[in-house]
Amino acid sequence: MSSDDLHREFQFTDQDFELVRKAIYQRAGISLADSKKQMVYSRLARRLRMNQISTFRSYLDMLQSQPNSPEWEEFTNALTTNLTSFFRESHHFDILKQHLAQVGRDGHQINIWCNAASTGEEPYSLAITLMEHFQSASPNAAILASDLDTNVLSKAREGVYSMDKVEKMSPDRIRRYFLKGAGAQEGFARVRPELQKLITYRQINLLDNSWPIRGPFDAIFCRNVMIYFDKPTQRKMLEKFAPLLRKDGLLFVGHSEHLSHVADIYTPCGKTVYRLKG
Ligand SMILES: C[S@@+](CC[C@H](N)C(=O)[O-])C[C@H]1O[C@@H](n2cnc3c(N)ncnc32)[C@H](O)[C@@H]1O
């Protein structure tokens, strides 16, 4: 027994951890390393308290015996990692603007899919990029923003952020695209409705065999989620992106994600940016 086990409110055995790992892999494709045992404990301990269940074993038994229980959604939400920020990996937004300068000339509607969008900072950064590029508050463009986690999707739809997150952007961007809160909302800012109008939010599990969406997309942003998937899961998903991209479309991935294992489908064209081969 480790010192962690001694200090825990609930007993959490290696077998419990294995069951959690198996379940989240099957539901979300997320592969949890051995080192995540403590993280899993603290995130799920909250669920045990909420459900007033006193052991991990009974919590996991309850889930296994009720495949349609709403608790599955909470279980999944608890185990996703949602770290994000406005204009994260900012070079991607510059590359997108260059791309728009080329493909946007014919006036077609620009479609972008931002999956694993988390709490919305990424799709709102895309909406700002579109407005800046087209110098319009209503560009001919649409962003589909999706995530598996229903809690982050609600936060994204709401579009309210603490000022410490917003203040990382320039004062000009803040003035143009946010409404600062006053009174009880002091310290928070709300995205302007023009940004929200460009975005449709939808729950999409990247692991699913089919997605309820139609392309073609000028760009797909799939950033900082593949790191949680094993290579076969990544490949399956990346194969399904290909027919959804326009033939000149771009795929943006996270800073530690690379696509050398799907070099038969994608070719690099910038720092962690890819296009279809051939
Ligand atoms: C670390 S965040 C990345 C957020 C954003 N893309 C960025 O780069 O800043 C990873 C997101 O992937 C989502 N996610 C995890 N597994 C998923 C799956 N199977 N399908 C869709 N989204 C998933 C999580 O809910 C989380 O919001």
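Contact, in this talk, means heavy atoms within 4.5 Å. Keep that in mind for everything that touches.

Ground rules next. This is a predicted model, where local features need pLDDT of at least 70, side-chain atom pairs count only at pLDDT 80 or more, and totals for chains, interfaces and linings use all residues. Residues are numbered from 1 along each chain as its sequence is written, and side-chain values use heavy atoms, with hydrogens and water left out.

Start with the whole chain. There are 12 helices and 10 strands. Those are DSSP runs, numbered from the N terminus: helices are H or I with at least four residues, strands are E with at least two. The radius of gyration is 20 Å, close to the 19 Å from the globule rule for 278 residues, so the chain is as compact as a globular protein of that length. That radius is taken over C-alpha atoms, and the rule is 2.2 Å times the number of residues to the power 0.38. Along its principal axes, the C-alpha trace spans about 65 × 55 × 35 Å.

Now the contacts. Take those with a separation of 6 or more: residues 24 or more positions apart account for 71% of them. Burial: 50% of the 278 residues are buried. Buried means under 20% relative accessible area, exposed means over 50%, and partly exposed is in between, with a 1.4 Å probe and protein chains only. The chain exposes about 13900 Å², and carbon and sulfur atoms supply 50% of it. Accessible areas come from the Shrake-Rupley method with a 1.4 Å probe; for residues, only the protein chains shown count as cover.

Some distances. An N or O atom in the side chain of Thr84 is 2.6 Å from an oxygen atom of the ligand. Ala116 uses its backbone: an N or O atom there lies 2.8 Å from a ligand nitrogen. For Arg223, a backbone N or O atom is 2.9 Å from a nitrogen atom of the ligand. How much of the ligand's own accessible area does the protein cover? The answer is 99% of 610 Å².

Back to Asn224. Its phi is near 60 degrees, positive in a residue other than glycine. Asn224 sits in the loop between β7 and α12 (231-241). At 12% relative accessibility, Asn224 counts as buried.

Compare Gln135. Its phi is near 50 degrees, again a positive value in a residue other than glycine. Gln135 is in the loop between α7 (121-134) and β2 (141-147). Is Gln135 buried or exposed? Exposed, with a relative accessible area of 74%.

One more backbone feature. The peptide bond joining Gly215 and Pro216 is cis, with omega about -5 degrees. Pro216 lies in the loop between β6 (199-203) and β7 (217-222). Pro216 is also touched by Asn111, and so are Ala142, Phe217, Asp218 and Ala219, not counting residues up to four places away in sequence. Asn111 belongs to strand β1 (residues 110-115). The side chains of Asn111 and Gln109 make a polar contact of 2.8 Å. A polar contact is a pair of N or O atoms within 3.5 Å; within protein, one must be able to donate a hydrogen and the other to accept it, and residues adjacent in sequence count only if both atoms are side-chain atoms.

Next, Thr272. Its place is the loop between β9 (266-268) and β10 (273-276). Thr272 is buried, at 15% relative accessibility. Beyond four places in sequence, its contacts are His91, His92, Leu251, Phe252, Val253, Gly254, His255 and Glu257. With His92 there is a side-chain polar contact of 2.9 Å.

So, His92 itself. This residue is in helix α6 (residues 91-103). His92 is buried, at 0% relative accessibility. Its contacts beyond four places in sequence include Phe221, Arg223 and Lys271.

Last, helix α4, residues 56-65. Phe56, Tyr59, Leu60, Met62 and Leu63 are buried there. Why are they on the same side of α4? Because they cover an arc of only 155 degrees around the axis. The arc is that of the directions from the helix axis to the C-beta atoms. Their cover includes α2 (14-28), α3 (37-50) and α5 (71-79).
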